[in-house]
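Student: Could you take a close look with me at one part of this structure? I'd like a connected account of how its pieces sit against each other.

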Number of protein chains: 4
Amino acid sequence: MITEHFINASVTPLESMDTLSPHEVAKLQDISQRGLYRLFRQCCLAVLNTGSELDSTRTVLHRFREFDIRIKHKHRGVQLELINAPASAFVDGEIIQGIREHLFTVLRDLLYVGDELDQCCVGLTESESITNTVFHILRHASAMRPHVKPNLVVCWGGHSIQRLEYDYTKEVGYELGLRSFDICTGCGPGAMKGPMKGATIAHAKQRKESPRYIGLTEPGIIAAESPNPIVNELVTLPDIEKRLEAFVRLGHGIIVFPGGAGTAEEILYMLGILLHPKNRNVPFPLVFTGPAGSEAYFETVDRFIKATIGARAAERYEIVVGDPHGVAVRMREGLEKVLAYRKKTDESYHYNWQLYIPHEFQQPFEPTHEEMAQLNLREGQPDYILAAQLRKALSGIVAGNVKEPGVLAIEKHGPFELTGDKDIMQSLDQLLASFVEQKRMKINHEEYQPCYKIVN
Amino acid sequence: MITEHFINASVTPLESMDTLSPHEVAKLQDISQRGLYRLFRQCCLAVLNTGSELDSTRTVLHRFREFDIRIKHKHRGVQLELINAPASAFVDGEIIQGIREHLFTVLRDLLYVGDELDQCCVGLTESESITNTVFHILRHASAMRPHVKPNLVVCWGGHSIQRLEYDYTKEVGYELGLRSFDICTGCGPGAMKGPMKGATIAHAKQRKESPRYIGLTEPGIIAAESPNPIVNELVTLPDIEKRLEAFVRLGHGIIVFPGGAGTAEEILYMLGILLHPKNRNVPFPLVFTGPAGSEAYFETVDRFIKATIGARAAERYEIVVGDPHGVAVRMREGLEKVLAYRKKTDESYHYNWQLYIPHEFQQPFEPTHEEMAQLNLREGQPDYILAAQLRKALSGIVAGNVKEPGVLAIEKHGPFELTGDKDIMQSLDQLLASFVEQKRMKINHEEYQPCYKIVN
Amino acid sequence: MITEHFINASVTPLESMDTLSPHEVAKLQDISQRGLYRLFRQCCLAVLNTGSELDSTRTVLHRFREFDIRIKHKHRGVQLELINAPASAFVDGEIIQGIREHLFTVLRDLLYVGDELDQCCVGLTESESITNTVFHILRHASAMRPHVKPNLVVCWGGHSIQRLEYDYTKEVGYELGLRSFDICTGCGPGAMKGPMKGATIAHAKQRKESPRYIGLTEPGIIAAESPNPIVNELVTLPDIEKRLEAFVRLGHGIIVFPGGAGTAEEILYMLGILLHPKNRNVPFPLVFTGPAGSEAYFETVDRFIKATIGARAAERYEIVVGDPHGVAVRMREGLEKVLAYRKKTDESYHYNWQLYIPHEFQQPFEPTHEEMAQLNLREGQPDYILAAQLRKALSGIVAGNVKEPGVLAIEKHGPFELTGDKDIMQSLDQLLASFVEQKRMKINHEEYQPCYKIVN
Amino acid sequence: MITEHFINASVTPLESMDTLSPHEVAKLQDISQRGLYRLFRQCCLAVLNTGSELDSTRTVLHRFREFDIRIKHKHRGVQLELINAPASAFVDGEIIQGIREHLFTVLRDLLYVGDELDQCCVGLTESESITNTVFHILRHASAMRPHVKPNLVVCWGGHSIQRLEYDYTKEVGYELGLRSFDICTGCGPGAMKGPMKGATIAHAKQRKESPRYIGLTEPGIIAAESPNPIVNELVTLPDIEKRLEAFVRLGHGIIVFPGGAGTAEEILYMLGILLHPKNRNVPFPLVFTGPAGSEAYFETVDRFIKATIGARAAERYEIVVGDPHGVAVRMREGLEKVLAYRKKTDESYHYNWQLYIPHEFQQPFEPTHEEMAQLNLREGQPDYILAAQLRKALSGIVAGNVKEPGVLAIEKHGPFELTGDKDIMQSLDQLLASFVEQKRMKINHEEYQPCYKIVN
C-alpha cells in the first residue's frame, strides 16, 4: 500500500534535452507575468498527476497547492527539483520514466514556443503563418518521420467513458497495432488511453520497433487530461486551435469513439475542413465507431450533423459499430488511398500541407460570455463556416466544464447563452442533453450542472 | 470477420537465424524416425496455433492434419513454406512477427539439441552433464545476460483460470513491470500470459529497453500450450525436467498463481530442491499469490504441502492474497538478497550454478502405468525425495490430461493408479479433487474425467 | 581513371533533415539579396569540392561557375538537384555519404541562422547575446553531448603544410584517438585533416562508438577550406568571430600545429582570452607542437608572443616538439583538470559558459583598408586588448589571402597598411616574413605576394 | 615514452562472450595435453603482441616466456588475468579494446572447435564434413551476414613488404572502402593490414555502418602474424587448410598483392580450385595487383603459373599494376557477376557452398621432411592436382620459415628437399629465389637462409 501522497525528488533529463542555456533556465524560473514559471509548474503538475480521476483543473491545482518545481544547473546538465509532487508518478520512490520524459518535453515546448518561434514566418499570411508555426513546433519536437508511409491513426473520443466503451477502444487499438499503425490521441484517460494500451500489446507481438504513441495537448487542457505515460511523444501546442491543426496535419486517418462536448468539437472541426471545396479531393479516412450497443449514440451524432451542416458532410465519414477488425481494415484501405494521393501530388508523408484549413478554424477562440453569445449559429452561411461556429460553441462548453478560466467565468456570470436558428439550436440541445444523460460531460460527476443555456 | 481458417505462406527468417547448412536443412526435411521433420512440424503447428483455446494436443493435431511445413534454401537464406497453417497466426495475410520469430527459435533449438550438443559434457557426472546441457541450450538461445542484475521473475500458474484470476495475474505483471523486472513463464495461456501483458504496459511506461518475455517450453507440452506472441525469447527444452531446471537456474525468483496439476508439479519441484540441505542458504524468493477470494485455494495447497513434505517446506514460501503491489515489493526485496548472495559467493547473475538439484529431479520421468504405480509415496524417506516422487505423480497426471502419449495410454489402460501411505494419499486426493472442482485441470471441459485413481 | 569532371545528381537528405517547410524551400531558392540561394550555392560547392588543392575562393567559384543547385519538394521529403558538380564528390556516380551529410548540415545552419535565431536573446547584453547565439547554433546542430566527460580536443594549424608536418599531425591524432578523445578542427586540409585521419584509425582499434570529428567553418572560409568528409559533424557559423567562440566554448583543450596567418590569429584569440583576469583560474590545456625539426618555427612564435602581449601569456601554453605520445599524455592530464574544475564549479561539460570572452573578441571585424589602418597596435593598453587588435590584423591578412572580398579589395587598393609601435610592428613583420618564407600563407603558390605592408 | 615492457592487467570480456560454464573454464585452465591452456596462452600472447615486427614464433615465445594468462569466474562473468603481457597492447595501462575483443574470440573459437563441433557432421563424406566444420566455426563466430549482397573482398599478400607496396595496399583498400566493400585478410602486418587501414578511412567518409575487417588465422601462424586491432572479426580456424577454405567460401572476390611463399601458396590454392571442371562456371573475381614498378614481380608469378599448372589458369586472374581505382572497379564488376550467379543458382550470399573444393586441398598437410620429399611435383597429372601438390610445397616452406615446429625440424634435419620434373622445379626455384632476393620470405632478416632445397 502506498501511504505517502507527496514525494520530493530530483529528476535529471533525458540526454537529448539536457542542454539549456542559463538564459532559458532564468525564464523558467521567472515568476513574473513575462516568465514561464507559472505555466511550467501547471503543466508539470498535470504530467505528474497521471492516472488521476480528476478532470477539474481547479481541484488538481488545489490539492497540490504545495507542489513546487525548481530548475538547477549542474555540471552534467539541468536538474529539476520536485517538491510535494503527486506520489502516483513514482514507483518505490523513483519517477516513472515515461513521466520523466513528459516533464522535459513540456519544458522543451514551452521554451520553444515562447522564444524561438516568432520569427519563423516573416512574409507569410496570417493563416500560412499559423500552419507554419504548428509545423515548426512539431518538427522541433521531432514528431516528423519523413520516410515513413502514412500510418498514423488519430483516435478521438471521450475522457469519461464506460468500461464497455473503454474495452472497445482497447480492442480497436489492438487491431490497429497488429497492422503496425502508430497512434495519436489527445493523451488523457478514456478513449485517449485505451487505443494506446491495445496497440502496445499488438506492437509487442509484431515486434514493432519504435512504436509511436503521440499525445497532443495544450496548457489549458493538460491539467484536466493528464497524459498517460504510454505516450512516448508528448507535444504541448500553445492553444486548442493549433492542437487541432496538429492532429489533422500530422495524422493520416481519424477514428472517433463516443465522447462528449470535446469530441463533438473535434468532429465539427474535421468535417468543417473536409467540407471546404479546396479539400474535396483530399482523401482522409474518418471512422466513427463504438461497441455493440452504441448505435443510438451514433444516430444522435449523425442526425445532429445532417441537421446542422448538412447531409453532404455524412459522405466524409463512416459509422462502424462493434467491429474492431472492420475498423482497422477500413483504416488500412483509407491509408492506402492517402499514400497514393501523396505520391501523386508530391506531398510529404509527414505533414499534410495540402489540406486547406480556413482561417476561421485557426483563430484562437476565447470563450467569454460575450463571444459565446455572439456566435452566429444560423443557416444561410457556407456549411464550413457554420461548422466553425458550432465548433466554437462546443469549445466554449468544454472550457466551461473543465478549464479553469471557463469554470470561473461560469461561477461568476452563470451559464453561457447560445442563440441561433431554431432547428440548429434544437439539434444542439438534443446532442448536449444526450451527453449529459450519458455522463459524458465530466468524470465522476453525479449531477452535472450544464454550463450553457440554449436560448431560442 | 476472418472467414478463412487456413493460410498458405512463405516465411523468411530473422537475420540471425538465416544460415542453415544444407545438412541441417536435410535433417529438418527428414521424415524418417531419425529425422526432425515430425517434431519440427508439431512444434511449428503449436506456435502457429497461438490464441487457440484448445489444450488437447490430439485435437490440435487433428484439426490441422492438413498442415505441412517445408524448408527451402534460397540465395538470401532459408525459407519456410507453410501449407494450411492456422489463420490465427496471420494479420491480413501477413504472419505476426512474434510468431515468425518463434518458428525459427523452434528450428534453432531442435537442430542444436539434436546435433551439436552431445559432446559438450565429456568427463562430467550424469547430473552435472544435465545441468551443463541446460546451460548450453540456454546460452545457444542467447538467454544469458551476464551483466544484468538479478531481475528475472518466473511466473507459474494454471493455463485454465478464471477471468478474475487472469486479471489479477495482469495486475501483478504490471507491478513487476513497473519495477523493470523481466518475466519468464511456461508460455501458454492463462497465468503464463497475463503477467506478460501487464508487464508489457508497465515496461512501455518505464521505457524499458529490450524487455524480456521468456517462454520455456518442451515438445510434449507446446502443442497444448501454444506460446503467446508477446514471448520474445522462446526456448524449447528437450524434456519436462530440463525445462524445470531451466526455470530455476535462469530465474531469480518465482511467483506462483493458482493452477492445477502442472502448477502443483512445479511447486513440488521447487520446494523439493529448496529443502535439500545443500540449498539451505541459497536465497530464492518464492511467493504464492492470487486475487482476493483465493484464500481457500491457497489454504488447500498449504495444507497439502505441510501434510506431505512437512512444515519446514512452508518456510521457503510466502502467501500473499489480493495485493499485487505487495507481491512486487516482496519480490524486489527477495531479489536484492539474491544479488547480495551472488556477489558474495562470486556466482554469475545469469545462471544459478550453485543451486543443487538432486539427480532425482533431473531424470526424465516417463509416466507409464507401471512407472506411476511404482512411485514411492510413503513417509520415512527424506523430504526432498518424497517431493520428487510426488512431483512425478503430478507430472503423470498432466500427461494423462493433455499430452498425447499420456492421453492414449489412459484411453487404452484406464486411469493411472497411485498408491502410498494413507495420509499422503488423502492429502493428494483432496488437492486433486479441489482442482477438478475448480475446473483447473483442463480448458473448456465441462465434465473432467480424472486420469488417475487414488488407491489406498 | 576518372575522366569526367562534372556530374549531375539528385541527392536526398538524411532522415533527420528531411522536413523543410515550403517557406524554407522558398528562401533557399530565393536569388534576391534577401534570399539564401547565393550563400547556399557557394557553401554547397565548397562541400562538394572536397579534396581540392585550391584555396582560392575565387578560383573555385570560377572553375565551377556552371555549378547549380536546386531544391525540390517530393512526397518523401526534399531533394537537391546538383548540376555540374565537382566529380571528386562522387564514387562511381554516387555521392560520398559524408559529403551528402555536409550538404544538408549547411542547409540546416543557413536556415537556422537566417531565421529562427534572432529572438533567442531578448533581454541580454550584446556580449551575452553573441554567446547565446553561438550556443543555440551548436545546440541546433546537435553538437552538445551533455553527459560526456571533457574529451574534445581542438586542433588548429595550417592548411598549407609539408608532408612531414602532415604526417606528424596524423601521429598526434592517432595518439589522441587511442585515448578516445574526439577531434574538432576548422575542417579544411593539412593540420585540420591529419589529426582526424590518425584518430579514425585509433578509434577503430579502440572500437569507439560514435567518434566525433567536428568541423567548424563559416561561409567566408569554407570555399577556401573544403571540409574533408571524415568530418561527421559540420557546423557553419555565421562569421569568423562566432566560429572562434564556438571552438573555445565547445572544445576542452587545444593543440596548435604549425601554420600561417590563420593559425596565428587563433593563437592570439585564445591567449587574449586566457589573459583576461576573469579567466585566471579557468583551466584550458593549450599545447603547441610539431615534428622534430620544427623548433625554429616555435621559437619564432614564442618570441613574437612574448615580445607583443608579454611573457605572462607564455604561462598558458606548452611547446612540445616531436613527441606525439607526450602531447596526448599532456592533453589527458589537462582534461582531467578541466573535468575537476567543471565539477567543482557546476559548469556543464558541453559548453564552457564560464570562460569570459571580452566583447572585443566577439565583434565581427570587417577588414577594410580603413579598419586595418586604424588598428591600435601599440603598447600601453591591457594585454588582452592588444591581443584582440593583433588578432584583427591577422584576420585581415587571412581575408586578403584567401577570402573573396579581401582579395578583391587588395587588387583594387593595394596591400593593407598596418601601423603601430616599432617593437610590435617589427615582431609582427618577422612572424609574417617567416610564414611567407615557409610557404604557409597559401597552398601551391610559388610566389606569394603579401597582402599587407608594415608601416612604421 | 613508454618504459615498461610488461604489464599485468585484469580483463573482462565483451558482454556477448561472458558466459562460460565452469567446465569450460576448467578446460582452459587445464595444462595437461588434453587441456587447452597451452594453445590458449600462445594465441593470446600473439594477440597481445600486436604491432610487433617479429615474425618468429619462437622469438616471440621466448621474449614473453614470463607471460601467463589465468581465467577466473566472477559474479559478473569470467575475467582474464594477464601477467607480464606485452605493453604494446595497452594505452596508459588500459588494454586496447580491439585486442580485448580478440582475446575473447580466441577463447570462443578454441572452446568451440575443441568441444561442440565433433558431432555436427554425422552422415557426411569426409570432404563434406570439413566444409561443414568450416561453416559451423564461421557461423558460431557470427561471421555470416545472410542478407548482405556479395561485398567481401579478400586481400592476400606478403607480411614483409616495402613501404611503397604497403602504401599501395592502403590506396587499394581506400578505393574498396569508398565502394563500401568489406575486407578480409590473414590479419597480420603488411598487405594484410594496409587494405584495412585504407578502407577504414574510406568507410568513415562513406559513413558505413558496421564495416567489417575480418581476420582469419590459425594457431600455427597467429604468433608469427599478430592480428592488427583494426580487425573487428577475428576467427581462429583449426588448421591452415580450413583457414584457406574459409577465405574462399566466405569471400566474394580476391585481390592478391605482392608477397612471398605464403602468398604463392594462396594463389595456387585458389587457382587449383578454380581449375576444377566443376567450378568452371562459378564466377570468382581474382585480381593480382601492385604499385607501379611491380611489373617484374608479377611477370615472375605469371610465368611460374603458366609454366607449371598451365596457361588456362591465367584465364582466371587479371593483373593490374599501379591502378587502385581500376582494381576497385574490376572488383565491383566481378562482384556484380557473383551476385547474379548466386541469385540465379539460389546460392546463399554468405557461404559459397557450390564452390567445389577437391579433398586434396582440404586434407591437413603436415610438412615433415618425409612428406615434403614425397610431394609429386610432376607433369602428367590433372592441373588442379599439381596445383594441390605445389600448394603443399609452399605451405611447407612457410612452416620452415616462421612456424615453430617447422623451424625446429629444419634446425634438426636441414632444409626440406623437393624433387620433381625439371621444368617445374626450375620454375619453382626461380620463383622462390626472387622472393628471397626481394626479402619477401621473412621480416627483418638480413640474410635469409632457405629452408628448402630444390633437388633435380
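How far apart do the C-alpha centres of domain 2 of chain A and domain 3 of chain A lie, and what makes up the side of domain 2 of chain A that touches domain 3 of chain A?

Tutor: Happy to! Keep in mind that this is a predicted model. Chain A is divided into domain 1 (6-107), domain 2 (145-359) and domain 3 (361-455). Your pair, domain 2 of chain A and domain 3 of chain A, have C-alpha centres 23 Å apart. Across their boundary, 33 residues of domain 2 of chain A are in contact with 31 residues of domain 3 of chain A. On the side of domain 2 of chain A that touches domain 3 of chain A, the elements giving two or more residues are α8 (219-222), α9 (240-250), α10 (261-275) and α11 (295-308) of chain A. Of these, α10(A) supplies the largest share of that side, with ten residues. By class, the residues on this side of domain 2 of chain A divide into 16 nonpolar, 13 polar and four charged.

For a helix contact to set beside this, turn to chain C. There, the axes of helix α6 (residues 163-178) of chain C and helix α7 (residues 194-205) of chain C come within 6 Å and cross at roughly 40°, which means that α6(C) is oblique to α7(C). The crossing of α6(C) and α7(C) is right-handed. Among the residues that meet are Tyr166(C) and Leu176(C) in α6(C), and Met196(C) and Ile201(C) in α7(C). The contact of α6(C) with α7(C) has ten nonpolar, six polar and three charged residues.

Technical notes:
Residues numbered from 1 in each chain as written. Chains lettered and ligands numbered in written order. Predicted model: local features only at pLDDT ≥ 70, side-chain atom pairs only at ≥ 80, totals over all residues. Axes fitted to C-alpha atoms, helices over the stretch in contact; angles between N-to-C directions. Helix = DSSP H or I, 4+ residues; strand = E, 2+ residues; numbered from the N terminus. Parallel < 35°, antiparallel > 145°, perpendicular 65-115°, else oblique. Left-handed = near helix turned anticlockwise from the far one by under 90°. Contact = placed C-beta atoms within 7 Å. Nonpolar A, V, L, I, M, F, W, Y, C, P; charged D, E, K, R; others polar. Domains from an automatic or database assignment.
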